[in-house]
Amino acid sequence: MRALIADDEEGPREQLAAALARLWPELQIVARSENGIDAWDDALALEPDICFLDIRMPGLTGLDVAQRLARLSEPPQLVFVTAYGDHALSAFEAGAIDYVLKPVDDARLAQTVARLRNRQSPTPVAAMQQLLQQLLPAVQRPPARPIQASLGREIKLIAPEEVIYFESDSRYTRVVFEGGEALIRTPLKELLATLDGAQFWQVHRSVLVNSRHIASALRVDENSMQLTLKGREERLPVSRQFQSLFKGQ
Amino acid sequence: MSAPSTPTQAKEVDWSQWICPGPRRRFSAAEMARAGQQRWPKGIDYYVLSNVGVLALVFFNELPPGLGWPVLLASLLLSLAALATARWLWRVPTRRNLNQASWVGALVWLAMAYLLAKVYGKEMLKAFMPTSTTIFTLMLSAWWFLTLYRVQQIEARLRELDEQAASQRLARRLATAQIQPHFLFNTLASLQHWVDTQDPRAAGMLRSFTRYLRATLPMFEHESLPLGQELQIVASYLEVMQARLGARLAWQIEAAPEMQDLTLPPGALLTLVENAVGHGIEPALRGGRIDVRAYREGAALRLEVQDDGAGLCAETASDGLGLANTRERLQQLYGARASLQLLAQQPGCLARITIHDEEEHRP
């Protein structure tokens, strides 16, 4: 089994890692993420079986990350990590959602570990999504600011709704918009946390596409899928994790 | 303020009550305004007047001829006077007023006896004497009981209001006194890990954390705290957060030396700093910086907490219990001279307490 631990503070993160190493030596900790954005990105890149998510993290909260993870084709098992006094605790209690209290107590963690080891079927995803829906506050996003891209000596302002898709390109993010394209320095994983998830769909770890511009999803073979765009030639890859976004009605 | 009958007083006989009876306690105008505003129960007026009227009519024909109408009129007039006096005692239920009323009543009674003897002769006086004495004594007793009842009513109301105020004050203090469990347990989590791994950071953090707890736990027993002490609490809080967040937090405290003795509601600055950490630094991907400043500007003292973090500065975003509570407690201490504002910065948030000099604010 492979696990990801996400906590923005080093102490609690390492304490949980050490306790897991004691109680579950076979568990391989593949990522220690320092904020919600990294947790999401690391989870996509490494596909862990279990994610231990702190609730209060910068970038994306643990609940945000969980909501995204629960929508994947094969969601990992989720365990929330929080300090006593969090408003979500009673909801976890009621929804039979796994959680661990900080500072981690070996006896309590052992119970969680036993449950995770014996679990035949993964957590009912629908129940988890419903619970997260309740817990996540109706986020009032500040109006999305235009993206500033330098094109030579010019700084171009691109309104998010004009963007067709974003694509990670090694150290940059490529912004393809109506009437051109540009490179910006902000990593894709940070951009996606600030954009409206209903408008911009992540279809691949490195691709974020404006849903208004998607024409169709094509199944290429058993494992791969591609998107065609309205009025454009190029095709965008849909990774296996996101294929459940396109299932026909 | 002295209670009229504490248990020790009850054992001794208060001889002064034989000569001039009445309650010992006098209420100040403020106390009356606070607890003595109950209306005079009008039902008493109707009850007394109707009874006196009916009795006078019943005995109308029993009386010697020619006396019926004068007695009916006199008894109604006397009842009205007695009720007016009772209402006066209701408004100002003091021993002095009760005795004044009694003496005036006695004079009226004597005058009536004299008139009766003059106009109708000594025989008539003798016939009326027992009844009028009884009525007079009953009236005095009624006034006396009314005054005692009234004093106890006001006392009880005052006690009730005091208890309410005390429990509200306590609730307000407890609300601020809460050390956030989230802070407590996250700190313990770091501490435990560093102790487990014998990380040298544990020692410093434990020291700051102890200092923080020692200062915060008894903090709310005081109505106010000098700025110097408050800043020490703020510093130990920031040291703990610094140890936990590492490079994500930078901070500085700058306070003008002459302001060390300025008094503040305990925890006022700490609340602002907790908000700056919780809403500014922790949600920011790359952390940020907190500046705490105390300085004089013209005729006002300014206390500021500024962060350059995630910057949700709207009142609704960062106003939990904390800010409203701090504002209220500042007002208790300084009245209209103190204010608390939140100012949005680019990026971040500035929380500012302003306390105007007394002279400056006088109209």
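Q: Why is α11(B) described as largely enclosed by the rest of the structure?
A: A residue is called buried if 20 or more other C-beta atoms lie within 10 Å of its own, exposed if 12 or fewer do, and partly exposed in between, with the C-beta atoms placed from the backbone. By that rule 13 of the 14 residues of α11(B) are buried, and the helix is therefore largely enclosed. This is a predicted model, in which local features need pLDDT of at least 70 and side-chain atom pairs count only at pLDDT 80 or more, while totals for chains, interfaces and linings use all residues. Residues are numbered from 1 along each chain as its sequence is written, and chains are lettered from A and ligands numbered from 1 in the order in which they are written.

Q: How do you know what span to expect for helix α11 of chain B?
A: The expected span of a helix is 1.5 Å times one less than its number of residues. Helix α11(B), residues 268–281, reaches 19 Å from its first C-alpha to its last, which is close to the expected 20 Å. Helices here are DSSP runs of H or I with at least four residues, strands are runs of E with at least two, and both are numbered from the N terminus. Chain B has 14 helices and 7 strands by this count.

Q: What makes strands β2 and β4 of chain B a pair, and in which sense do they run?
A: Two strands pair if DSSP finds at least two bridges between them. Strand β2(B), residues 249–255, and strand β4(B), residues 288–297, have 7 bridges and run in the parallel sense.

Q: Which residues touch the most other members of the largest nonpolar core?
A: A nonpolar core is a set of buried Ala, Val, Leu, Ile, Met, Phe, Trp, Tyr and Cys residues joined through C-beta atoms within 7 Å. The largest such core has 79 residues, and Phe52(A), Leu53(A), Leu269(B) and Val273(B) touch the most other members. Its largest share, 9 residues, comes from helix α10(B), residues 227–245. Apart from this core lies another, of 22 residues, among them Ile164(A), Val175(A), Phe177(A) and Val203(A).

Q: What does Leu269(B) touch, not counting residues up to four places away in sequence?
A: Two residues are in contact if their C-beta atoms, placed from the backbone, lie within 7 Å. Leu269(B) touches Glu230(B), Val234(B), Leu264(B), Val292(B), Leu303(B) and Val305(B) under that exclusion.

Q: How do you know whether the radius of gyration of chain B is near or far from that of a compact globule?
A: The radius is taken over C-alpha atoms, and the globule rule is 2.2 Å times the number of residues to the power 0.38. A compact globule of 363 residues would have a value near 21 Å, but chain B has 35 Å. The C-alpha atoms of chain B fill a box of roughly 110 × 45 × 35 Å along the principal axes. The domain bounds, which come from an automatic or database assignment, are 7–169 for domain 1 and 178–361 for domain 2 of chain B, and the C-alpha centres of these domains lie 62 Å apart.
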